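Please keep the sequence and the three-dimensional view at hand.

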Amino acid sequence: MPMETLSSLCTTQALMARHCYSSSISLVGFSLPGKTQAFPKCIKKRSLGVVKASVAVETKVAIIRIGTRGSPLALAQAHETRDKLMSLHPELTEEGAIQIVIIKTTGDKILSQPLADIGGKGLFTKEIDEALINSEIDIAVHSMKDVPTYLPDKTILPCNLQREDVRDAFISLNAASLAELPAGSTVGTASLRRKSQILYRYPSLNVLENFRGNVQTRLRKLNEGVVQATLLALAGLKRLNMTENVTNVLSIDDMLPAVAQGAIGIACRSDDEKMANYLASLNHEETRLAVACERAFLETLDGSCRTPIAGYACRDEDGNCIFRGLVASPDGTRVLETSRKGPYAYEDMIMMGKDAGKELLSRGGPGFFDS
């Protein structure tokens with residue numbers, strides 16, 4: 001892939017600016033800096049004047065405050081939620097009816113350490129959940145793969161938007177695929193799931209584990225030669241309109257995705273019937289059932305960010321659920337896989353996920369999930 005293809009980074013600010021026109025935006029957990037964030041050279045620094053604390057606007061329609069992280073991908077997901085709400089509910093098209101509240105999470109603040117070393121799951125959701133419980137926001141938009149298998153008290157997550165492509169994308173400046181990378185090449189990823197599956201199939205490669213940052217940061221590091229390749233979720237690249245950076249798309253057989261990869265989840269307070277009704281109008285039931293199956297698998301394994309776990313449920317051509325699950329040792333020397341098939345119905349799919357998890361727990365044996 002020629003280096004010029006990374007020029008799409010220049011479109012990031014335009015994307016964010018385009019999304020901001022019809023919603024007010026406020027910031028929680030951020031101090032507006034004296035220095036702007038460092039962008040690749042192709043992106044000009046701009047004033048953040050369009051992102052400011054919102055001023056109360058007197059309006060006769062309901063106001064929905066959407067809580068989200070502040071990364072370009074998180075904002076794209078929040079704006080997708082906003083746009084769907086506006087398309088279905090005319091009263092929400094009024095100026096000031098929807099406010100986007102940016103909340104900085106622990107995972108956003110600590111970038112120098114691997115996720116597993118700073119607490120694992122919940123790093124990208126805790127502060128947003130707290131704002132929801134404290135009525136600082138009305139709904140919370142999450143990447144479902146970041147959501148722990150337990151939900152905080154007083155909250156529910158009744159809505160999943162229609163799932164994006166679940167596959168991983170391979171991105172490199174000098175190789176067409178993982179198989180074509182020369183021995184000793186370094187692949188950057190923050191995911192133990194990706195690391196273990198890469199090393200299982202290509203043990204001659206090196207993996208730089210603490211390859212963190214948003215999509216734009218990781219592509220910049222690739223362009224600077226920090227690594228020779230990286231893997232990113234194709235769903236995120238699609239939502240950011242950055243698929244031109246993709247060198248190759250890995251099949252499910254080559255790289256089983258993370259549990260709930262490509263799915264957006266939206267939470268509200270358990271006693272907020274008004275918000276629950278809004279979210280019910282957005283829910284994509286096929287996605288919700290698939291995510292529930294995968295999360296039942298993950299919950300049974302009691303997995304954390306220290307355990308490479310992958311799981312994917314989908315509907316086959318006959319309308320049945322096909323589930324595939326995987327656990328691995330972090331170094332990729334041991335990989336255990338299983339699969340299930342059954343009716344595409346909630347109770348059946350929960351049972352499939354749990355049963356698959358119990359099988360791999362048994363096969364892994366004592367100590368496997370403590371590594």
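Lys154 lies in the loop between strand E4 and strand E5, the latter spanning residues 155-160. The model is a predicted one, and in it Lys154 shows a positive phi of about 75°, although this residue is not a glycine. Most residues other than glycine have a negative phi. Is Lys154 buried or exposed? Its relative accessibility is 60%, and because values over 50% count as exposed, Lys154 is classed as exposed.

Ser135 is located in the loop that runs between helix H4 (126-133) and strand E4 (139-143). With a relative accessibility of 37%, Ser135 falls between the limits of 20% and 50% and therefore counts as partly exposed.

Attention may now turn to the sheet. In what order do the five strands of the open sheet stand? The order is E8-E7-E9-E6-E10, and the pairing is mixed. Strands of a sheet pair through backbone hydrogen bonds, in either a parallel or an antiparallel manner. The parallel sense is found between strand E7, residues 186-188, and strand E9, residues 229-233, which are joined over two bridges. Within this pair, Gly188 has Thr230 of E9 as its bridge partner.

Two helices pack on this sheet. Helix H5, made up of residues 192-201, touches strand E6 (168-172) as well as E7, E8 and E9. The direction of H5 makes about 130° with that of E9. Helix H6, residues 215-223, touches E6 and E9, and its direction makes about 165° with that of E9.

The last feature is empty space inside the model. Rolling a probe the size of a water molecule over the atoms shows where such space is left. How many cavities of 30 Å³ or more does the structure hold? There is one, and the volume of the largest cavity is about 40 Å³. Its lining consists of Thr125, Asp129, His142, Val147, Leu151, Pro152, Thr155, Leu157 and Ala267.

Definitions and conventions: Residues are numbered from 1 along each chain as its sequence is written. This is a predicted model: local features need pLDDT of at least 70, side-chain atom pairs count only at pLDDT 80 or more; totals for chains, interfaces and linings use all residues. Side-chain values use heavy atoms; hydrogens and water are left out. Two strands pair if DSSP finds at least two bridges between them. Helices (H or I, at least four residues) and strands (E, at least two) are DSSP runs, numbered from the N terminus. Contact means heavy atoms within 4.5 Å. Axes are lines fitted to C-alpha atoms, for helices over the stretch in contact, and angles run from 0 to 180 degrees between N-to-C directions. On a 1 Å grid over the protein atoms alone, a cavity is a set of points where a 1.4 Å probe fits but cannot get out, and a pocket is an open set with protein on both sides within 12 Å along at least five of seven lines; lining residues have an atom within 4 Å of a point. Grid points are joined across faces, edges and corners, and a volume is the space filled by probe spheres set on the points. Buried means under 20% relative accessible area, exposed over 50%, partly exposed in between (1.4 Å probe, protein chains only).
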